[in-house]
Amino acid sequence: MQLPNSLVIATKALRRNKMQTALTMIGMMIGVATVLTMIALGTGAQNAIQDQVKAAGMNMLVVTAGNYQVKKEKPPDDAIEMSQRRNPEKGMRPHLQFVMFHPEDDPFAVHDHPVAKQRLGDSEAGLGAAATLSLDDAAMIRAVPGVQYAVEGIHENVHVGYGDTRWFTRVHGDGSSLPEVRRSWKFVHGGFYSERQERNKEQVIVLGSVVAEKLFGADNPVGRTVTLWKQPFKVEGVVTSSSWMVVPEAGDDQFDAVYIPVTTMQSLLNLSKLNDITVTTKSTGDVSRVAKTITPMLRQRHNIGANQADDFTVTTQASKSLMKGSLRPDVAQAVIGNVSGLEKVTLDQLGKTLDRSSRTMTALLGGIATVSLIVGGIGIMNIMMLSVTERTREIGIRRSVGAREHEVLMQFIYESVILSVVGGLLGIVIGVIASSAISHSVQWSTSISPMAIALSFGVSAAVGIFFGYYPAREASRVAPLKSLRFE
Amino acid sequence: MEPVISVRNLTKTYHVGEHQVNALRSISMDVHKGEFVSVIGPSGSGKSTLMHILGCLDQPTSGQYFLDGRDVSRLSDDDISLVRNEQIGFVFQGFNLLTRTSALENVELPLLYGKSNISAAERKKRAMAALDSVGLGARYDHHTNQLSGGQQQRVAIARALLNNPSILLADEPTGNLDSKTSIEVMDIFQALQRDRGITIVLITHEMDVAAYGSRIVSFKDGNILSDVSNESRRHAGGELQEFPAVVN
Ligand SMILES: Nc1ncnc2c1ncn2[C@@H]1O[C@H](COP(=O)(O)OP(=O)(O)OP(=O)(O)O)[C@@H](O)[C@H]1O
Ligand SMILES: [Mg+2]
């Protein structure tokens with residue numbers, strides 16, 4: 001393949017004017033690098049805020065089976081109140097907590113049925129009359145516009161065994177997208193079970209870090225087999241908290257716990273219902289709307305008449321988690337300090353405020369970026385204009401040996417495009433380096449998306465064509481004779 | 001035989017403010033293939049004006065210009081550019097080479113334009129051959145500022161010859177050169193005419209230089225004063241041998 005002659009001519013001409021070429025490219029490079037760094041800082045800040053907000057669960061709502069608001073949170077009649085729970089393991093400290101236990105949750109034997117047949121089903125699985133939510137409900141919720149994830153949950157107590165060691169803990173049967181919802185999770189070893197494993201009802205398990213430590217000490221348990229209900233489960237990963245606000249400890253619900261696919265749990269325990277469904281929305285501002293959509297939808301699915309109460313509860317997480325922590329204290333303080341009467345602020349308002357401020361930020365960044373690119377473009381135009389007058393003689397020489405107007409035009413357009421594109425590419429490199437340097441040295445989060453890179457590249461090429469066109473046309477219009485006389 | 005150049009009633013009028021300058025007043029002449037025509041005349045007599053029209057760098061106010069039998073006085077800019085590229089070779093007093101560019105790349109220049117799409121290797125080959133023919137093959141990679149005036153003018157001649165033009169037009173090619181270098185350039189011109197049958201129109205205001213041509217046309221105030229064949233033609237080849245120590 002042969003390059004177009006005008007392109008060859010343009011590169012040769014640029015090499016002739018090395019100094020000018022270098023200076024123009026540096027100008028373009030700095031322009032693009034600045035823009036890219038600015039976008040990186042902006043999106044980084046935006047993402048950081050969004051992440052914090054999401055980690056705080058502000059985009060989360062939980063649909064729980066049963067309606068305790070009606071019943072005033074009265075535990076089932078057959079529940080036993082235990083003031084002290086002693087862990088069956090020797091040498092373990094007793095947990096000093098008040099826990100409501102269903103008789104079926106007897107720590108010692110009842111749940112050790114190997115086969116689900118012996119169990120009588122949902123009503124005996126601690127779900128009682130509240131067994132109303134199904135996998136299909138979750139699937140329907142997942143299809144609601146604005147919903148990001150909907151994760152099924154069944155929660156039980158269980159003995160986890162490895163060799164001779166046994167540990168009494170919580171087991172959560174959950175959908176495979178649970179880690180997407182638990183933003184403050186990190187995996188010490190391995191990872192979460194996959195959607196495929198969930199579909200196939202595989203006996204795989206993820207250990208909370210507390211459980212992993214009790215059973216395996218400091219060893220990596222991934223790939224080992226533990227037993228639940230005398231059934232083997234292969235360990236897929238170990239999860240712990242990524243937030244310093246939440247320290248895993250014995251007795252907590254997240255890390256002194258094990259996770260298995262909800263489907264596996266349902267089939268082993270012969271269950272068909274769920275305890276709850278955890279829902280996240282794509283945007284924090286959407287939580288109220290989604291909650292308002294879910295309620296009538298579930299009422300209809302559950303055939304609840306107009307004057308009957310819901311058989312489920314929808315709770316949002318906003319102010320609860322804001323007050324509770326897991327939000328970085330500085331961010332929490334900023335939010336709390338700036339929003340008077342936080343408790344009265346609805347999640348919707350808060351979400352919308354955040355959305356609005358991030359939109360303002362994007363618009364501001366976009367504005368600054370546009371202005372600096374226009375300035376860069378005018379710089380290119382200026383230099384190209386200068387070089388047209390400076391190079392009148394060169395143009396005349398080219399015209400005298402037979403260059404057509406069009407060929408001179410193309411030469412100058414190619415020159416400015418090469419200048420801006422090469423300058424732009426260098427600028428992208430510098431911009432990427434600069435933003436990572438900034439995020440390293442000042443600990444600001446930056447984020448460069450492929451989109452931002454593509455945009456800067458496209459814009460620098462467009463600037464080259466747009467601002468190069470006018471000088472190029474001027475160049476091509478120089479009369480051959482006039483340019484030869486030009487000294 | 002049909003003339004290479006044929007002009008009929010060519011006029012060129014410039015308007016400068018209120019004034020009207022008649023640079024050419026009805027010129028008619030023919031140049032045949034293989035002729036070496038010297039155009040001579042005092043400053044301001046219209047020599048360069050004629051040469052720009054002959055070289056399709058400018059268009060006449062009226063009259064016709066046939067190049068190889070085709071009327072080129074009123075072609076579109078693209079067509080005119082092609083004529084310049086393929087049929088005309090220029091040599092100027094000021095050399096008009098691209099600065100900061102090697103001799104080779106200067107010579108290649110005409111091949112980057114025009115219809116034919118020539119590969120880089122072929123361009124280089126043909127440019128080298130042209131440089132060799134003016135005795136500068138060894139200096140192909142020298143930049144223009146590393147060459148003497150005479151050498152630069154030879155590069156310009158090599159460039160002018162690259163597309164095998166119908167005519168070679170030279171406007172005071174020796175105006176910036178010393179006498180010995182001038183003779184060298186004239187030697188090249190005479191060799192081109194003699195060995196390759198190239199048609200040359202040379203413009204000068206010195207009789208000494210005009211004397212190398214086979215025919216002398218003299219201008220005055222935009223008119224042809226006389227048009228005679230040169231009986232006492234000078235031969236640059238012989239004169240060069242009288243100079244001691246010829247150095248390139
Ligand atoms: N662009 C122009 N505008 C106005 N007048 C011009 C222009 N070009 C040439 N002339 C005039 O036309 C006349 C002929 O000029 P031309 O350049 O052809 O002279 P010349 O014979 O080449 O002179 P010289 O020997 O000094 O180069 C002169 O009077 C000149 O002033
Ligand atoms: Mg002149």
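Modeller: Let me begin with chain A: residues 24 or more positions apart account for 77% of its contacts with a separation of 6 or more, a contact being heavy atoms within 4.5 Å. This is a predicted model, in which local features need pLDDT of at least 70 and side-chain atom pairs count only at pLDDT 80 or more, while totals for chains, interfaces and linings use all residues. Residues are numbered from 1 along each chain as its sequence is written, chains are lettered from A and ligands numbered from 1 in the order in which they are written, and side-chain values use heavy atoms, with hydrogens and water left out.

Colleague: What is the corresponding value for chain B, and how many of its helices and strands are there?

Modeller: In chain B, 68% of the contacts between residues at least 6 apart in sequence join residues at least 24 apart. For chain A the count is 16 helices and 14 strands.

Colleague: What makes a residue count as buried, and what share of each chain does so?

Modeller: Buried means under 20% relative accessible area, exposed means over 50%, and partly exposed lies in between, with a 1.4 Å probe and protein chains only. By that rule 56% of the 248 residues of chain B are buried, and 49% of the 487 residues in chain A.

Colleague: Why is S6(B) called buried?

Modeller: S6(B) has a relative accessible area of 8%, and the limit is under 20%, so the term applies. S6(B) sits in strand β1 of chain B. Beyond residues up to four places away in sequence, S6(B) touches M29(B), D30(B), Q64(B), Y65(B) and F66(B).

Colleague: How do you know that the side chains of S6(B) and D30(B) make a polar contact?

Modeller: The pair is 3.0 Å apart. A polar contact is a pair of N or O atoms within 3.5 Å; within protein, one must be able to donate a hydrogen and the other to accept it, and residues adjacent in sequence count only if both atoms are side-chain atoms.

Colleague: Which backbone atoms does the side chain of N230(B) reach, and why is N230(B) called buried?

Modeller: The side chain of N230(B) reaches the backbone oxygen of G213(B) at 2.9 Å and the backbone nitrogen of S232(B) at 3.2 Å. N230(B) is in the loop between β10 (223-229) and α8 (236-242) of chain B. Its relative accessible area of 14% makes N230(B) buried.

Colleague: What surrounds ligand 1, and why is the site described as shared?

Modeller: There are 14 residues around ligand 1, the closest being S43(B), G44(B), K47(B), S48(B) and T49(B); a residue is near a molecule if one of its heavy atoms lies within 4 Å of it. The site is shared because the surrounding residues come from chains A and B. The shell has five nonpolar, six polar and three charged residues, where Ala, Val, Leu, Ile, Met, Phe, Trp, Tyr, Cys and Pro count as nonpolar, Asp, Glu, Lys and Arg as charged, and the others, Gly among them, as polar.

Colleague: Which residues have an N or O atom placed by an oxygen atom of ligand 1?

Modeller: Among them are S43(B), with a side-chain N or O atom at 2.5 Å, and G44(B), with a backbone N or O atom at 2.8 Å. A polar side-chain atom of T49(B) lies 2.6 Å from an oxygen atom of ligand 1. Alone, ligand 1 exposes 630 Å², and the protein buries 67% of that; such areas come from the Shrake-Rupley method with a 1.4 Å probe, and for residues only the protein chains shown count as cover.

Colleague: Which element gives the most to this shell, and is that element largely enclosed or open?

Modeller: α1(B) gives the most, with three residues. Seven of its eight residues are buried, so α1(B) is largely enclosed by the rest of the structure.

Colleague: What is the buried area between the chains?

Modeller: About 2500 Å² is buried between chain A and chain B, and carbon and sulfur atoms give 49% of it. Buried area is the accessible area (1.4 Å probe) that two parts lose on being put together, summed over both. R16(A), V401(A) and L481(A) supply 24% of the area that chain A buries against chain B, more than any other three residues. The contact takes 24 residues from chain A and 30 residues from chain B.

Conventions:
Helices (H or I, at least four residues) and strands (E, at least two) are DSSP runs, numbered from the N terminus.
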